Amino acid sequence: MSQLKHKLDGIYNTLMETYSDTPFMSALISSSLATIGLAINSTSTVIASALISPIGTFIIQANLLHFLKKYKYDFKGRKQSPWYIPLLLVVITTLVISYLIGKAMIYFNNPFSGEPLNKDWPTHEMRLCSDPINAIYFIPIALLCGLILPLLIVNNNISGFVGIGIACSMIPPIANIGLSMNFKYNPVIHPPEMKDYKRRAVFSGFAIFIVNVILLLLPSRLLIDSILKKDNIFEKIESIFNF
C-alpha cells in the first residue's frame, strides 16, 4: 500500500507541475505562430506552435485527475476545474486569432516585390492541414502516443511530453481553419480542386483535432491503471529484451 501511495504522490506531483498560470497567453502565442507558419509555409514555426500549445497539457491533466479521483486521492483542498473548458477556450481563441491574422495579411503586399502576401495561398503547410487523408494518418500516430503517454506520466518524462506535442500537433489544423476562411478561389490562378478548399480545411482540421484528442485521452486512461501494478505490461515487454 505504501508503494502505491508513493506512486500516487508522484502522479500528483506531476499533475501539479503541469499547471500553468498563463495557459491563455500560451494559446495566444501558439495560435499566432501556427497561423503565421502556415501562411508563410514555415515548418519550423508550425512545430514551435505545437510545442507552446497548452492543449496536450490539458489532456495529461484530465487523465491524471481521473486516475487520482478513482483512487480517492486527497487533493489537499485544491479544486480541479473540468479539463474540457480550457480546451474549448483554446480552440475558440485559435479560430479567432487565425482568422484575424489571415484577414490582416490579405490587405498587405510584399514590400520588395509588391505582390500580395497571400499570393501563394494555400501554401504547402496549409494543404497538408486540409488534406482529409491526414486525419487517417493521425490515427496510428495518436494511438501510439496515447499508448506510451501513461508510462511518460508515471516516469515524469518531460522530453517525452515534448515529443508527443510535436507528433500530435493539434493547434495547426485548427489555426488552418481560421486562416483558410480568408482564402478566395480564383479560377485564373487556382486549379479546379481548390474550389472546395475551405470545406476541406474545416473538415480535416476538426477531424485531425478530434482524432488526436480521443486517441491521446482514452488509451492512456485505460492503461494507466496497469502501470501501477507490479509486472505490468510495459515491464513484461521490457523483460523480453533484458538478457
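A nonpolar core is a set of buried Ala, Val, Leu, Ile, Met, Phe, Trp, Tyr and Cys residues joined through side-chain atoms within 4.5 Å. With that in hand, let's look at some close-ups of this predicted model.

**View 1. The largest nonpolar core has 48 residues.** Within this core, Ile 55 and Phe 209 touch the most other members. Helices H2, H4, H5, H6, H7, H8, H9 and H10 each supply at least two of the core's residues. H10 gives the largest share, with 11 residues. In soluble globular proteins, nonpolar side chains tend to be buried together.

**View 2. Ile 55 and the residues it touches.** Setting aside residues up to four places away in sequence, Ile 55 touches Leu 87, Val 90, Met 170, Ile 171 and Phe 209.

**View 3. Helix H9 is largely enclosed by the rest of the structure.**

**View 4. Ser 204 sits in helix H10.** Is Ser 204 buried or exposed? Its relative accessible area is 0%, and buried means under 20%, so Ser 204 is buried. Beyond its neighbours within four places in sequence, Ser 204 is in contact with Cys 129, Ser 130, Asp 131 and Pro 132. A polar atom of the Ser 204 side chain lies 3.0 Å from the backbone oxygen of Ser 130. Ser 204 and Pro 173 are 31 residues apart in sequence, while their C-alpha atoms are 7.4 Å apart in space.

Conventions: Residues are numbered from 1 along each chain as its sequence is written. This is a predicted model: local features need pLDDT of at least 70, side-chain atom pairs count only at pLDDT 80 or more; totals for chains, interfaces and linings use all residues. Side-chain values use heavy atoms; hydrogens and water are left out. Buried means under 20% relative accessible area, exposed over 50%, partly exposed in between (1.4 Å probe, protein chains only). Helices (H or I, at least four residues) and strands (E, at least two) are DSSP runs, numbered from the N terminus. Contact means heavy atoms within 4.5 Å. A polar contact is a pair of N or O atoms within 3.5 Å; within protein, one must be able to donate a hydrogen and the other to accept it, and residues adjacent in sequence count only if both atoms are side-chain atoms.
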